[in-house]
Structures are given as C-alpha cells and as structure tokens.
Amino acid sequence: NGYSYNYIATYDGNNTKIYKYNYTGTFNKIFWINNTWIIEFKNYSSRYTSIEYYNFYNNGSLNLINTTKPHIDFTPVALYLDTYPTDIRKNPNKDGEYLITLNSLNSYFTCCENYPNVGALISLHINQYDNNNISKKILYKGKGLTSMDYNGKYWLIGGNGILLYYDGKNTTDITKKAHLSNSVISSVAFGCNCWLIGSKSRPYYKSSNVSLVKFDGDKATDLTNTSNISSVEKIAYNGRYFLISGDNKLIKYNNGSFDTILDKSHSTNYYIIDEMDYNKNQNYWLVGGYCRYTHPAVSDAVLYKIYDNGTCEYLPMIDILPPSNFTYCDYCSITVIKYIPDEDCFIVRVSGIPNQDYWFMYKNDTFILLNDSDGGFKNNTALEHILRINPNIIEWNKKYVIFNCGFRNDQYNNKICIYNRVNYSLITCSMWDIPTEPMLVVTSIYICKNGNMYKTTLLEGLVVITILLIIFIAYILHKKY
C-alpha cells in the first residue's frame, strides 16, 4: 500500500507464497525477461520519487539493478519496451526507409529526473516489391530522443541531454560541440541555412539555462536572451520562416529577427502550445495545445489559426464540442495537428484527459467531427481507418502512412503501424525484440527473511564470506593440531 508493507506473491501451479517487504514505495510493474523476473519499484523514501529495478528470485530475495550512473549506462531491456515513438520521418535519400526516434514513456508522464532516461534511433525499411518484408536496424541506443530534422546532407536528432549527428551511415554525439549537454531538447528544425534547436525547462531536472540555439554544424549561438523565451515547446519551418512556441508565446523567426505573434505571458493561466503544422496551399498555420482554465474542461483545449502576416485567429473548442462530452475529464488538450496534402485539410485530435478522444477534419474554415462519443467513426474512409487506431505521430506520403498508436490502445503497444495506401493493407512492426545477451548488473542484495527485508552491498557480503572462511580454516587447523 505504498508507505508500509509491500507484497509479492508467487504461484508454481500448486502452492502460493507471499513475501512481505517493509519498504517505502510501491511495486509498479513485473517483467519476465531472459528467464529472469524484473520488478519495477517506485521509491518514495527521498524528496523526489525515483524508479528502481530488481531481480526477483524464488526465495524472495531482490537484487538491485544498477541503472543510475549517469542516467542509464547499462539498461534492462524492460526499460526499452516502455518507450514510445516521438518522431517519424521519411529518408529522402533511401527509398522505403523511415527514421524513428524513441523516448521513455515515463518521461511523457513525469518531469522527474530520477526516471530512467532511455531511447533509441531506429531505421525502418519497407521492401518496395514486397510490403510485408520489413526490416529494422537500431542506429543508436542510449538516452531518450525527442525530435529530428534533415538539411539535405545529414540529420540532427535531439533528446534528453543529447544531440546526435547522423550522415546516413554513422551516428556521432555532438552534444558538447553544440553546448547542449544539460539541455532537454524538445525540438529540432532546419531552415534558412541554419539549425534551430529548442530546449524546455523541466522541474526537478538539472537542465541548463539555454533554451534556443542557432547551429551551423560547427558553431552554436545562444539565442535565449534575444528570443526572450526560457523554455521552447516546438519549432517548425514552413519554407520561409520559423515558428517557435514556448513561455506562453508564439514567435516568428526570420533572417535573424524575432517577431511576437501571440503573447499570453501576462495571463494568469499557463499556455502550452506543442502541436503545429502548415498549409502550404492556403499559407496558414494551425497550432494548438492546452491552457488550464477553471470553467468547462473543453475550454482547456486551445487552437489558433496563424497567417503569414502575423494575424492570429482563436478557434474556441467550446463552440465545436459540447462541454457535456467531457464531464468526467480533468482537462482537455489538442494532442495532434497534421496537415494532409491529398485532402488539403488538417486532422485534429481533441483529447479529454484521461478517457476521451475526438477527431476532426478542418477544411475550408469548417470543422467536421469524424467520430462519435463512443469512439466509433461515422464513415469507412481510409483516413478514418488510420485514425481508429488513435495515432500520435504520423508520416504521410503518396504510398504509405507510417504512424504509432495512442497510449490508450494497448493492442499496438511497442509497435509502428504501416498503412499501404495502394492496397489498403495494415502491417505492424514491433520496435523491440527481446535480445538474448546478458543485461543486468547487481550492485546490492536485498534478503527477505521472516517477512523483513535486509540490504547488504556486494563488498559487505564478500567481507562476511571471508570472515567465515577464516573462522572455518582456523577451526580445521585447531582440530588437526
């Protein structure tokens, strides 16, 4: 029950055993990996919650797994199974190849630095002659990754305390070169012959004071003070200028100058705008996120239409969705905005946290609701077939739609979905396979005896064993002589 005793029960088909542990925290998850039980534990004994992982043995003992210095140097596979895609991009230089960044699911729900920082960069390749022939390759495995972009020559991939350079063959860590070692990178974008890299401040995370960096591949320039943004949520480029969101603001950046389009910094409410996309045919942005109000939950979901001249138009969700649809929701947010070129429209998801999602099509200044209150879709179009899986990240091109699924759809957990727009087939591909190599490092031993847990380090254990051996040898020698 979290603050007194914790229990683990075992059942071998005939008998049940229950082990009791006096430990400040809760047993959270159980994994069976490589013939070993791994227990995830939330430790509440210090000021901030931390996550720990243990081996569980048949006698009830728990072995602490080293996953903390620094962040994750040696990681249980169980942690990688708990990652989710944060970005999906088609590689323009390799037909059928897509790059996918992964970040720890824990970082999505928490800002605590003690949660494991894990992620990966994965190459997914679809055979152009056999769509069922899908291969994947892990290009990088380490810290959590959040965003990437391509400049025509190489990729930059940002994450939690890391910036990677990928030339199509090798990945190189250039974090120190860009002066971003302590940055939680939220967005990476290329345009106007330069890179813009944004970072967000995270409570309890030892992040730097650098929020916006201009990078030419060799030299990094800190634009934090010039931009007047201390935390960046999203950066996007429309072919002419950058749009940056953060600190209750929307800012346009072009040719070295910053222009504020939307400023809510003096509001008593905090705005987070982290979804945006651009309509190149009609030259306007659709941007959204949430702002915590005290009136109906649907009002939390904020959506704006931004024109190139800086004009900003507010699109209130309360005029589109009745507040009664979100009676049991804590708050609402715009969680997906994606421009679909074929339809010349946007698809927008309004999420009522924790239990309701509504999908819209926004076209010609009109919102069209695609699903009903029970989650069912009204038509049987290819687009609705994709949205039915509730995607978060979508890569749309002429032949395929590559996407992940929402957190509420466990059927597709740890999977990427590939929708073939030619033959209307849906294929799924797991991001992680269970490897066979050893993966655990034991640093401490917890012994359960008579319902109590005792901790000893390996060094202490060796000292005890050595003393016992000395006593035993002395006893044998004494008996012999």
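Is H179 buried or exposed in this predicted model? With a relative accessibility of 57%, H179 counts as exposed, because the cut-off for that label is over 50%.

**Close-up 1. H179 sits in a loop between two strands.** The loop in this view runs between β14 (171–173) and β15 (185–191), and H179 is part of that loop. Look at the backbone here: phi is positive, about 60°, even though H179 isn't a glycine. For background, most residues other than glycine have a negative phi.

**Close-up 2. N283 is another non-glycine residue with a positive phi.** Its phi comes out at about 60°. You'll find N283 in the loop that links β23 (271–279) and β24 (284–291). How exposed is N283? Its relative accessible area is 33%, so N283 counts as partly exposed.

**Close-up 3. T101 is a buried threonine in strand β8.** Strand β8 covers residues 97–104. The relative accessibility of T101 is 0%, so T101 falls in the buried class, which means under 20%.

Close-up 4. What else is T101 in contact with, once its neighbours within four places in sequence are left aside? The list includes Y84, P85 and D87 alongside T86.

Methods. Residues numbered from 1 in each chain as written. Predicted model: local features only at pLDDT ≥ 70, side-chain atom pairs only at ≥ 80, totals over all residues. Heavy atoms only, no water. Helix = DSSP H or I, 4+ residues; strand = E, 2+ residues; numbered from the N terminus. Buried < 20%, exposed > 50% of the residue type's maximum accessible area, 1.4 Å probe, protein only. Contact = heavy atoms within 4.5 Å.
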